[in-house]
Every structure is written in structure tokens, then in C-alpha cells.
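Please read them with the sequence and the coordinates open beside you.

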Amino acid sequence: SFDTLPLAGQTLLIQLQGNHYDATNEFTYSTKDTSPLPKLRTAESFLARSLHDELGATDNIGDIARLKRCNSVEFDDQISSIRRPLTNHDGEHPDHVLTPKAKSITEQLDRSTFGAPDTAIPPLEFQNWTEIVADTIVEGLPKKTMDQQHHIWELITTEHNHITMLSTVISTLLHALRELHAENVLTKIDEYDVFLNIEKIREIHLTFWDECIVPLIQRAHDTGDLLNPEDLANAGSLFEGEFNPLFEYCIKYIESRSFIKTQQHKNADFKEYITWCDAQTRSKHNKLELDAILIKPIQRIQKYPYMIKDILKKTVDDDTRTILSNFHEKVSVFVESLNRAKEEKEEQQQIENIKERIESYSVLNLNSSQTNEQINQLLKTYNKFDLADRVPLLNTQRKFLHENACKLSPNPDSKAHDVILFLFSDHILITRPNKSSKKKNRIIKQPLTLDRVVIEEMKDSSHTNLLVYLNEYGSLVDMFLLTSQNQEQHTTLLNAVTRAKDNYLREKNKLYTELDASKSLSTNSVNS
């Protein structure tokens, strides 16, 4: 037979089997005492009494306990919403310890405790560098040196604030998502898609803090001397290797923001979680919301060259200037390479977005009655075009430059058709909207390589450009008129195509010059 006990609006069935109680819900329990258990009126009092016996009156319960008739208590890894202490303020054992099920994610997270406060970095002991440096030194400092010390202190305080902000994200927001996962909530939301490798980012900044900034402050405090910027230069190696996780963060950042935005439209629970995160960051970090917080690692790394340069400008000692100059160069090279990687990723994403809008490559308008199996097989092999491919000959990543909706006509007297023109760094793509699929376009002309494009403004037609396409012999292959919706779009298209063509020709000529120089060097080497 079973004892039936109410539990949070449900029923818990408990049966005595030998020396232990089995609960048919989530709990199995017995006490160490082998005497018969007293009659229990509720499942809450049953669990409260039991857990009180096993764990003592001062413990908080943060796990679902699966307790068996033995001399020890076993816990599984599941996290529960049991958050109340086992005793009340008077030290008496309460009748109920289970928190009722939360009605919303916000309520569930507001009830949660996230452990001890994050201690990754302690508060700054000093409010200003003048509290560290001896008064006798501060009083006689020239303005330029005072400014230098201010700039060093600014780097220190902003670095501390940045690490504190990252710690908030990790200890509160990321931890909250992990708790929700443990409660089987938002399990389809991968924490990496939201927060990326932010824990590694904080580790890098903590290394910078521990190895460079702490010694800098400590030496000045111990000696009473000025803050020595040479200590900052010890971080040069960090910018060469250990900061590499920033590449991953920067490259994936746009995808992550897109994921968050999309999921908020699809998933009401996730939207509620993000709203809760925004409330947390607003209250702790100058009213900034989550999106403004998550871009901070990218913004922070961009500021280092400027902060180091400000310190360098106010540094008088020649040896120190040399050390700082080398450090500034290392940091600048790192940031430049980071920006290139970020831009390439953004360009790739733009190309992928455009690919999703293009349905097919349909330059030849042939139907089944005009072809046979042999023709179809050959066309299948070559009737394609991939925007993601690298630029032929230059072997560079293709860049999207401009999009223009206009009308295309073969000549001034013919009917014009709506087209979407896409301008890339090496060619123009002409597409026509598919009536059966509003979001898709089909390619209606071969890709027009920019070095073979001639574009001119039609003087006798309103906001219309004449586009001529030539083959490798300079002979006419195709021509058509492009009429924009207004004069501004017409002028923008004309200028964009002209600039893109000039840049493409410049890159090709540069490559040919390098190939000629290499060929000449090789010939001279053979002759010698």
C-alpha cells in the first residue's frame, strides 16, 4: 500500500519496502533511525523532516536529494528550485521547505541565488594614483608627467571596470542560463551561441591584470615612486599569443547577435531571459543592456593602442619611450589583424545573406522541349555560380559593395523589367525577382566582370545608365539600359560601379606587375 501525500499541487506516493521508503515521484528516502517513521501529513514535511535529519538544521538545499536507507546521503547532479533554509529565523524546523513552482522564468531567476559574489578581481584599494605615490614627489611634478600618470591610471581603472563587467556576465547571466538548463528550461539554447568564449576572454584580461598591472601598482606603493609605464609593456607577449581567443569572439560576434535577435522572436522564454539579463546589467553597469555589454570585449581591445599612445606622448625618458613605442607597435599590429579578421567574417556573412536570396543560375532560358539528356547533363555541370568562391586570378575574398533595384531594358523602345543589381568587388550580378517566391531572385545574365564593363550616363534619358559588356578581345557581347528609381540612386550606382572597376583594375595590374618582377628575377637567376 502507498501513503498519499500532497506535494506542490501534485501527489507523492510513498511505500515502505523493508528498511526504506520508496517514493514513486522523484524522491526515495529513509532516515538513519530504524524505528517506524511517524505519520506524515504532507510530502513537504516528510522531506523537510528527512533532510533536516540528514543534513542538519543550518544547510540550504540546492539539489534534488535522492536519499536512500543507508549511512550516507547521495545527491545527483540535477539542480532544484528548493532554495529555502531548513530552519526559520527562530531556529525551529519549518513545515514547508519546497518553493512552489515558479510561474515564469523571471520569477524563477529572481528566486535563485548564484553562490558567493564573484571574486575574480577585488575592488581597487585606491581611488587615485596620488594616493600611491609619495606626496613629496607629486607636489613637484611637471604637468606633462602628471598627465602621463593620469593616463596610466585611466588604463588601470578602465581595465578593472572591464574585468568586473565580464565577471557580472559570467557569475550572474551565464550562470543563470546554466541553472535554467539544469531545470530543463531553454535546453535548446546553447550558452556558447549567446556568450561565446567570454570566460576565456576574462582569463586573458585577468592575466594582464595579475602579471602587469598588479606589479605596477605594488611597486609604486612599496617605493612611493611614480607608476612606471614600462611594466605595462610586459604585456607585449599577451598580444602576440594569449589574446587569440579575442579573434574567435570578434569573428563569431555578429552570428551571436543575430542568433539572440532571431531566438527572441521565436522563443518567448528566451526573450524573457534576455529581458531579465537586461535588467541585471542595467542595475549594475550604468544602465547598459546585455547587447551593449557583450560588444565591450571588442571595443576594449580597440582602445588599447590609443591609451598606450596617450601615455607615450606624455613620457619624457628616452629609454621608456623606446619600450613603449615597441609595445604600441605590437598592440597596433594585433588590433589591425583582429579588424581584418572581423571584416572578412562580416563580408562572408554578407555574401551568405545574398546567396540565400538567390534561387538559381538561369542565364539560358531553355525548357525540356529544347534539350535532350546529353545537353541536360552538360548544362547541369556548368549552369551554376557560387558567390562564396574566391575572386579568380586575384584569389581574394569577394566583397559585396552595393545593391540597387532598377529597371532593365535591352533598348530605349523595349519593355523594361524589374531587376536587382548586386555589385561586388570583381563583378556585377543581374537578378530578377521570382514572382512565385518573393524573397528569391534568379540570375538572368552571366556575371559581368568589372574590367570588361563600360558604364555611361544617358544624357537624353532620366536617371538612366547605359551598360556595355565586352569580351577579352574588346568586342561587344551585351548591352542594356538600367533605369533607377530616382536621380540619387542613379548617381550612386554610376559612382559605385566606377570606383569598383578602378579598384579591381588596380589590383589586377598590381598582380601582373608582381608576376612580371618575379618572372624577371627568375630569368636573371637562370642566366647567371
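**Notes on the predicted model**

1. Leu-393 sits in the loop between α13 (373–382) and β8 (400–409), where helices (H or I, at least four residues) and strands (E, at least two) are DSSP runs, numbered from the N terminus. This is a predicted model, in which local features need pLDDT of at least 70 and side-chain atom pairs count only at pLDDT 80 or more, while totals for chains, interfaces and linings use all residues. Residues are numbered from 1 along each chain as its sequence is written, and side-chain values use heavy atoms, with hydrogens and water left out.

2. The phi of Leu-393 is near 75 degrees, a positive value in a residue other than glycine. Most residues other than glycine have a negative phi.

3. Together with Tyr-512 and Leu-515, Leu-393 forms a nonpolar patch on the surface, and the three have about 290 Å² of accessible area together. Accessible areas come from the Shrake-Rupley method with a 1.4 Å probe, and for residues only the protein chains shown count as cover. Patches are made of residues with over 30% relative accessible area and no salt bridge, like charges being joined within 9 Å and nonpolar side chains (Val, Leu, Ile, Met, Phe, Trp, Tyr) within 5 Å; a salt bridge is a side-chain nitrogen of Lys or Arg within 4 Å of a carboxyl oxygen of Asp or Glu.

4. Asn-286 is found in the loop between α9 (268–284) and α10 (290–294), and it is exposed because its relative accessible area is 70%.

5. The strand β14 (residues 464–470) deserves a look, since six of its seven residues are buried and the strand is therefore mostly covered. On one side of the pairing scheme, strand β13 (residues 453–457) joins β14 in the antiparallel sense over five bridges, with two strands taken to pair if DSSP finds at least two bridges between them. Asn-465 in β14 is the bridge partner of Glu-457. The two strands β13 and β14 form a hairpin with six residues between them, and His-463 in that turn has a positive phi of about 30 degrees.

6. β14 also runs antiparallel to strand β15 (residues 476–484), to which seven bridges join it. Within this pairing, Thr-464 stands opposite Thr-483 in β15. β14 and β15 form a hairpin with five residues between them, and in its turn Gly-474 has a positive phi of about 80 degrees.

7. The structure holds nine aromatic pairs. One of them joins Phe-239 and Tyr-304, whose ring centres are 5.4 Å apart and whose planes stand at 85 degrees, so the pair is edge-to-face. Rings of Phe, Tyr and Trp (its six-membered ring) pair if their centres lie within 6.5 Å, and planes under 30 degrees apart count as stacked, over 60 as edge-to-face and the rest as tilted. Phe-239 lies in helix α7 (residues 238–242) and Tyr-304 in helix α11 (residues 296–313), so this pair ties together parts that are 65 residues apart in sequence. Both Phe-239 and Tyr-304 are buried.

8. Phe-239 also pairs with Phe-327: their ring centres are 5.9 Å apart and their planes are at 65 degrees, so this pair too is edge-to-face. It links distant parts of the chain, with Phe-239 in helix α7 and Phe-327 in helix α12, 88 residues apart. Phe-239 counts as buried because its relative accessibility is 2%, and Phe-327 counts as buried at 4%. Ring pairs link Phe-208, Phe-239, Phe-247, Tyr-304, Phe-327 and Phe-334 into a cluster.

9. Helix α12 (residues 318–357) also contains Gln-350, which counts as partly exposed at 36% relative accessibility. The C-alpha atoms of Gln-350 and Leu-401 are separated by 9.8 Å, although these residues are 51 apart along the chain.

10. For the protein overall, the secondary structure comes to 14 helices and 15 strands, and 40% of the 528 residues count as buried.

Note on methods: Buried means under 20% relative accessible area, exposed over 50%, partly exposed in between (1.4 Å probe, protein chains only).
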